[in-house]
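Good morning, and thank you for making the time.

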Amino acid sequence: MKEIDERQTAITRKRYDRIAPFFDLMELFSERSAIQEWRRLLWSHVPTGRVLEVGVGTGKNISFYPPGIRVTAVDLSERMLQRARKRAREQDLDVDLRQMDAQRLTFADNTFDAAVTTFVFCSVPDPVQGLRELGRVVRPDGDIWLLEHVRVNRPIVGLLMDLLNPIVVRIMGANINRRTVENVRRAGLEIVGVENLKGTLVKLIHARPAAGRSEEP
Ligand SMILES: C[S@@+](CC[C@H](N)C(=O)[O-])C[C@H]1O[C@@H](n2cnc3c(N)ncnc32)[C@H](O)[C@@H]1O
């Protein structure tokens, strides 16, 4: 198992614990104007069966879970999870919610038929390690669906994202300059498709736990 940066992981947890009470309010406008539609699209692809949601946050995906699905959902931040638990209760949905680090999932290999994340790999301290863990716990012919914002691959915008990133991370907990498609490949996953949802900023990535090997074992 790769060594985890405990300090950075603790900082990430604290950041999300801190913003948990305001998180839904902070994202209210973008949720209503676009994100909810993207969530609906993502979940329309997810097969029923045993599904893992990593970085469930305050549980904004819960109302989009398709009927008949069995979801285990994890997050690093206990305060975010408290809100997700409340949401699941209010919707009378049976979701197995657990505090866990994406970089070291405690599930056995091939436990799930699919895994889902939405806007998570911008925050996981070692995204390649987290993606590698998804590839391990999803069965080899299962599906991995990621809805993620990424660094825009244009010289000036990309540079601006790099420059602003340290400030945004401090306030919001999320990196705005992650190269998530490349990270999916580096984790040894097979990319089935990538759909651009907002220019090249927001992507819906469909991957599989390929037999291939990751770059950093
Ligand atoms: C931007 S929020 C997105 C929450 C939710 N997925 C959504 O779409 O609203 C990122 C979430 O990822 C979680 N997270 C960050 N690093 C993590 C890790 N290493 N393991 C598990 N969850 C993590 C944070 O606690 C936070 O809840």
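R139 is partly exposed, because its relative accessibility is 28%; here buried means under 20% relative accessible area, exposed means over 50%, and partly exposed lies in between, with a 1.4 Å probe and protein chains only. Before I continue, please note that this is a predicted model, in which local features need pLDDT of at least 70 and side-chain atom pairs count only at pLDDT 80 or more, while totals for chains, interfaces and linings use all residues. Residues are numbered from 1 along each chain as its sequence is written, and side-chain values use heavy atoms, with hydrogens and water left out.

With which residue does R139 form a salt bridge? The partner of R139 is D113, and the closest N and O atoms are 2.8 Å apart. A salt bridge here is a side-chain nitrogen of Lys or Arg within 4 Å of a carboxyl oxygen of Asp or Glu. R139 belongs to strand β5 and D113 to strand β4, so the pair ties together parts that are 26 residues apart in sequence. Helices (H or I, at least four residues) and strands (E, at least two) are DSSP runs, numbered from the N terminus. D113 is also partly exposed, with a relative accessible area of 21%.

Let me turn to another pair. D109 and R136 meet through their side chains in a salt bridge of 2.8 Å, N to O. R136 is partly exposed at a relative accessible area of 24%.

A further salt bridge joins the side chains of D96 and R98, again given as 2.8 Å, N to O. D96 counts as partly exposed at 29% relative accessibility, and R98 counts as partly exposed at 32%. Over the whole structure, the search finds 16 salt bridges.

Among the buried residues of α4 are P127, Q129, R132, E133 and V137. The cover over the buried residues of α4 includes β1 (50-54), β4, β5 (138-149) and α6 (180-186), where contact means heavy atoms within 4.5 Å.

Now to helix α3. The 13 residues of α3 (residues 78-90) should span 18 Å at 1.5 Å a residue, and the end C-alpha atoms are 18 Å apart, which agrees. The expected span is 1.5 Å times one less than the number of residues in the helix. In α3, the residues M80, L81, A84 and A88 are buried. They cover an arc of only 95 degrees around the axis, which puts them on the same side of α3; the arc is that of the directions from the helix axis to the C-beta atoms. An α-helix has 3.6 residues a turn, so residues three or four places apart point the same way. On the face of α3 turned away from its buried side are the exposed residues R89 and E90. What covers the buried residues of α3 includes α1, β2 (70-75) and β3 (96-99).

Most residues other than glycine have a negative phi. D92, which is not a glycine, has a positive phi of about 55 degrees. D92 is placed in the loop between α3 and β3 and is exposed, with a relative accessible area of 72%. F119 is likewise not a glycine and has a positive phi of about 55 degrees; F119 is found in the loop between β4 (112-118) and α4 (127-137).

I close with the surface. Which residues form the nonpolar patch? The patch consists of F22, M26, I156, L159, L160, L163, L164, I167, I171 and M172, with about 1,000 Å² of accessible area together. The elements giving two or more residues to this patch are α1 (6-26) and α5 (155-172), and α5 supplies the largest share, 8 residues. Patches are made of residues with over 30% relative accessible area and no salt bridge, like charges being joined within 9 Å and nonpolar side chains (Val, Leu, Ile, Met, Phe, Trp, Tyr) within 5 Å. Accessible areas come from the Shrake-Rupley method with a 1.4 Å probe, and for residues only the protein chains shown count as cover. Within α5, L163 counts as exposed at 58% relative accessibility.
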